[in-house]
Amino acid sequence: MRILAELTLAAALAGSAAAASPPVGLWQGSYDCAQGETALALQITAQGPSRISAIFYFHALAANPHVPQGCFMMRGRYDAATRRITLNPARWLARPPFYVRVALSGMVGRDGSTIAGHIAGPACSAFAVTRSVAPPIPPAPAPCWMDRNGPTV
């Protein structure tokens, strides 16, 4: 019984530790806006205990092949106590014609492996991403690279 209690406490502490630090790294999934469901890769970096920045890279999905590639910088905050993340658009890095930058607000999942929430933009609704180690397909164009030594988004 004592071992079970210790394992439960260790799992709880690991989950809270994952949520306590900003959700840095590569996240991939999709979002839905006026152009339809679109692939999303977010490369998030910490700028302080609660400040974060990100590159928002979007591209086509097989089910919606006419979406162009594009990306922009974002700045925002992560609240470790509530697991709430907010990211606001900063500047374009690669802008396709007629596209606008959007804002994100959402929650990091309890286990730290997902982020889901609302996307604020014309005819937009929701987004969902999971942690990823594999680069997006297709690879991001060079202006979207966070690390100028190679693609990170």
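Predicted model: local features only at pLDDT ≥ 70, side-chain atom pairs only at ≥ 80, totals over all residues.
Local features were taken at pLDDT of at least 70 and side-chain atom pairs at pLDDT 80 or more, whereas totals for chains, interfaces and linings use all residues. Residues are numbered from 1 along each chain as its sequence is written, and side-chain values use heavy atoms, without hydrogens and water.

The whole structure contains 6 aromatic pairs, where rings of Phe, Tyr and Trp (its six-membered ring) pair if their centres lie within 6.5 Å, and planes under 30 degrees apart count as stacked, over 60 as edge-to-face and the rest as tilted. Phe56 and Phe72 are stacked, because their ring centres lie 4.6 Å apart and their planes meet at 15°. Phe56 belongs to strand S3 (residues 51–59) and Phe72 to strand S4 (residues 70–79), so the pair ties together parts 16 residues apart in sequence; strands (E, at least two residues) are DSSP runs, numbered from the N terminus. Both Phe56 and Phe72 are buried, that is, under 20% relative accessible area (1.4 Å probe, protein chains only). Ring pairs join Tyr31, Phe56, Phe58, Phe72, Trp92 and Tyr99 into a cluster.

The structure also holds 2 disulfides, each a pair of cysteine sulfur atoms within 2.5 Å. Cys33 is bonded to Cys124, with an S to S distance of 1.9 Å, and this link is right-handed, with 110° about the S-S bond. In the disulfide of Cys71 and Cys144 the sulfur atoms are 2.0 Å apart; the torsion about its S-S bond is about -90°, so this disulfide is left-handed. Counted along the chain, the bonded cysteines follow the pattern 1-3, 2-4.

How values were computed. Helix = DSSP H or I, 4+ residues; strand = E, 2+ residues; numbered from the N terminus. Buried < 20%, exposed > 50% of the residue type's maximum accessible area, 1.4 Å probe, protein only.
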